[in-house]
Amino acid sequence: MIVACDPDGIKLAAITVKKGGLVVFPTDTVYGIGCDPRNQKAIEAIYRIKKRDESKNLPVLGYSKEEISKIAIFDKISNKIADRFWPGTVTLVLKLKDREIKESMNLDDRIALRVPNHPCVLSLLKECKLIVGTSANYSGNPPSSDSKEILKNFSGFDVFLDGGRILNSNESTIVEIVEGDLKILRTGKITKTELTSLL
């Protein structure tokens, strides 16, 4: 089902997530596909639909730093980065403290987390608080910022929140703090210079 990024569309998408369904949505980087991070069957469905290797962990999007702090632990540096760049295009790899999510997502003790800066997905997150957020594409194919392209080339989801084309799209920068040192795991929109200026 294709719906607009309006209150009715958001409501339907939120109900779908809570019932264990899969939703495609626009973010400030690319279109993502997501589900309830505590629903193991839904997570397995995402791996199956994307043809993604299950050894590759999925990231999670949160409505706010406060929501994310309920499931993960911030150190001093990641705390500064979140305060400066969230909502935005930095993904932080943090220590996970939520046992239910650890089990459902088959994680060790680390999880990739981000607060996106896009009104559509933030409205969805306001209802769901947390949602798995991986690119809406088949594994090995490039992610897309164009809703028409995804509808043409990707299937298997329950609801598609159509936000049109995402302008100025770019991948998020993935950061992990290891023993007090800042490690960039993927270079994206936010540069190392911008990040290290906070240290």
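Visitor: Which cysteines form a disulfide here, and how far apart are their sulfur atoms?
Guide: Cysteine 5 pairs with cysteine 120, and their sulfur atoms are 2.2 Å apart. Keep in mind that this is a predicted model.

Visitor: What is a disulfide, in general?
Guide: It is a covalent bond between the sulfur atoms of two cysteines.

Visitor: Where in the chain are cysteine 5 and cysteine 120?
Guide: Cysteine 5 is in the loop between β1 (2-4) and α1 (7-18). Cysteine 120 belongs to helix α6, residues 119-128.

Visitor: Is the disulfide left-handed or right-handed?
Guide: The torsion about the S-S bond is about -75°, so the disulfide of cysteine 5 and cysteine 120 is left-handed.

Visitor: And cysteine 120, buried or exposed?
Guide: Cysteine 120 is buried, because its relative accessible area is 4% and the cut-off for buried is under 20%. Cysteine 5 has 31% relative accessibility and counts as partly exposed.

Visitor: How many disulfides does the structure hold?
Guide: The structure holds 1 disulfide.

Visitor: What about cysteine 35, which cysteine sulfur is nearest to it?
Guide: That of cysteine 128, which is 10 Å away. Cysteine 35 is in no disulfide, and neither is cysteine 128.

Visitor: Is cysteine 35 buried or exposed?
Guide: Cysteine 35 is buried, at 0% relative accessibility. Cysteine 128 also counts as buried, with a value of 14%.

Visitor: Changing topic. How many helices and strands does the protein chain have?
Guide: There are 8 helices and 12 strands in the protein chain.

Visitor: Why call the chain as compact as a globular protein of that length?
Guide: Its radius of gyration is 16 Å, and the globule rule gives 16 Å for 199 residues, so the two values are close. As for the box filled by the C-alpha atoms, it is roughly 45 × 35 × 30 Å along the principal axes.

Visitor: What share of the residues is buried?
Guide: Buried residues make up 51% of the 199 in the protein chain.

Visitor: And how much accessible surface does the chain have?
Guide: The accessible surface comes to about 9900 Å², and 47% of that belongs to carbon and sulfur atoms.

Visitor: What about contacts between residues 24 or more positions apart?
Guide: They account for 64% of the contacts with a separation of 6 or more.

Visitor: Last one. How many positive and negative side chains are there?
Guide: The protein chain has 30 positive and 26 negative side chains. The centres of these two sets lie 1 Å apart.

How values were computed:
Residues are numbered from 1 along each chain as its sequence is written. This is a predicted model: local features need pLDDT of at least 70, side-chain atom pairs count only at pLDDT 80 or more; totals for chains, interfaces and linings use all residues. Side-chain values use heavy atoms; hydrogens and water are left out. Helices (H or I, at least four residues) and strands (E, at least two) are DSSP runs, numbered from the N terminus. The radius of gyration is taken over C-alpha atoms; the globule rule is 2.2 Å times the number of residues to the power 0.38. Buried means under 20% relative accessible area, exposed over 50%, partly exposed in between (1.4 Å probe, protein chains only). Contact means heavy atoms within 4.5 Å. Accessible areas come from the Shrake-Rupley method with a 1.4 Å probe; for residues, only the protein chains shown count as cover. Lys and Arg count as positive and Asp and Glu as negative; His and the chain ends are not counted. The place of a charge is taken as NZ of Lys, CZ of Arg, CG of Asp or CD of Glu. A disulfide is a pair of cysteine sulfur atoms within 2.5 Å.
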